[in-house]
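The structure is shown first, and the explanation follows.

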Amino acid sequence: MQGMPVGELPMQPPATYDGADLRVKITELKGDRCHFILDGVHLGLANSLRRSMISRIDTLAIDQVQIHENSSVLPDEMLAHRLGMVPLNSEGMEKQILNYNKECDCDQYCPKCSVVLTLSAKCVSSSTMEVTTKDLLLEGGISDVGKPATNPDPKLQDGILLAKLAKGQEINLRCIAVKGRALEHAKWSPVAAVGFEYDPYNKLKHTDLWFEVGTDPKDEWPVSENGKYEKKPEDTDPFPYNEKPSRFYYDVEAVGQLKPEEIVTKGLDALILQMGQLRQGLLDLTNQGGPGPMHPGDGGQDGMMMDAGPVFGVGDGGYAGAPATAGAYGGAPGYGGGGGYGGATPGGMGGQGYGPPPVPAYGASPAHFANQGGAGGYGQPGGGRTPGYGGANGAQGGGGGGGGWGDDPW
Ligand SMILES: [Zn+2]
């Protein structure tokens, strides 16, 4: 990911915010942070992306701790809480951890829905022993998924301190880490914070810059670093009361589960998925009781697989948006368990796939939609102007989409 040199971004933010003049520029990309500028979108969309990155990305976190021995000064609960907050490597997790623990068909936990970590430490010397995340070992070890994350800075490789032990004290425990999202608990958030700023000169007066009488507001409120990307307004410039913000300066600060650039793309994926669900929900509602023929799809599993391509549940009916003339959402793979929202290949009859490139086939996450699948999708009366979800064999059959996680607390 390489950004353009600063000079190439016009000093004036685009006058449009509908995406017609969209520009993106990465201004800084490090192991744990990504600064970028998104240009030409609406404030609401910019904020949706921010919130999506904070709370709608799947990661792994410790959810259960079985304590066999703890003679340290920390109570069990506190130790468990500290363990829960440890960032665990979640890169490529979607290929290994297919299910949310709650929805998995196992009794308690299994390799499809969890990873297991163990910690065994005993202090035998007279000096204090530090127990860190380096002592937390992955059981089984199919891959690095679930390993405690390390700092990208090679000078900071000591691990995160969990507890200190004096001579004779001991900790021996077993942790079950499962997949989740920060909507449920902040420990699953891949970011410490995602901020964005717009209008660094406060031309639009969205911010009330308070200052003490007798002081100079310009000294009290120095222009942020992002001011260098915009033209400094003159004092004589009229107040642009019609103008809306259209350029956003993001600051994504990763915790360690995922790389910052991956967080941005996954945040976008999550947002696209939500939009798809909204669209689907609306279609389902408006089609209720309508004359549309129901095409039973042949199911498809509860897809949890976030894999590219038409993974499973290519129903034989479902949402075969029959003669969809308009560009169909999703090519071959259908929307629900059926496969991908946005497929790898443009669907036969579906025409131009909407396909966000090789994006995941979003299957079910826990969801309202999850129960909708199974027997197959809802038939969309063909021929309409509505673009069919999924092309010919796309089939929105089965499984059913994800999402539907209660209220967004952010
Ligand atoms: Zn399981």
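This is a predicted model: local features need pLDDT of at least 70, side-chain atom pairs count only at pLDDT 80 or more; totals for chains, interfaces and linings use all residues.

Domain bounds, as used here, come from an automatic or database domain assignment. At least three of its lining residues are drawn from each of domain 1 (12–57 + 189–206 + 220–230 + 243–281) and domain 2 (60–181). The second largest pocket has a volume of about 570 Å³ and is lined by 26 residues, among which Pro148, Ala149, Thr150, Asn151 and Pro152 lie nearest its centre. Strand β6 (residues 136–138) supplies the largest share of this lining, namely three residues. Sorted by class, the lining of the second largest pocket comprises 12 nonpolar, eight polar and six charged residues.

The largest pocket holds about 1,000 Å³ of space. Its lining is made up of 29 residues, and those that lie nearest its centre are Tyr201, Asn202, Lys203, Lys205 and Pro233. By class, the lining of the largest pocket has 13 nonpolar, five polar and 11 charged residues.

The axes of helix α1 (residues 43–55) and helix α5 (residues 260–287) come within 8 Å of one another and cross at roughly 110 degrees. Because angles of 65 to 115 degrees count as roughly perpendicular, α1 is roughly perpendicular to α5. On the α1 side, the residues in this contact are Leu45, Ser48, Leu49, Ser52 and Met53, which meet Ile263, Val264, Gly267, Leu268, Ala270 and Leu271 in α5. Taken by class, the contact of α1 with α5 involves eight nonpolar and three polar residues, with no charged residues.

Methods: Residues are numbered from 1 along each chain as its sequence is written. Side-chain values use heavy atoms; hydrogens and water are left out. Axes are lines fitted to C-alpha atoms, for helices over the stretch in contact, and angles run from 0 to 180 degrees between N-to-C directions. Helices (H or I, at least four residues) and strands (E, at least two) are DSSP runs, numbered from the N terminus. Angles under 35 degrees count as roughly parallel, over 145 as roughly antiparallel, 65 to 115 as roughly perpendicular and the rest as oblique. Contact means heavy atoms within 4.5 Å. Ala, Val, Leu, Ile, Met, Phe, Trp, Tyr, Cys and Pro count as nonpolar, Asp, Glu, Lys and Arg as charged, and the others, Gly among them, as polar. On a 1 Å grid over the protein atoms alone, a cavity is a set of points where a 1.4 Å probe fits but cannot get out, and a pocket is an open set with protein on both sides within 12 Å along at least five of seven lines; lining residues have an atom within 4 Å of a point. Grid points are joined across faces, edges and corners, and a volume is the space filled by probe spheres set on the points.
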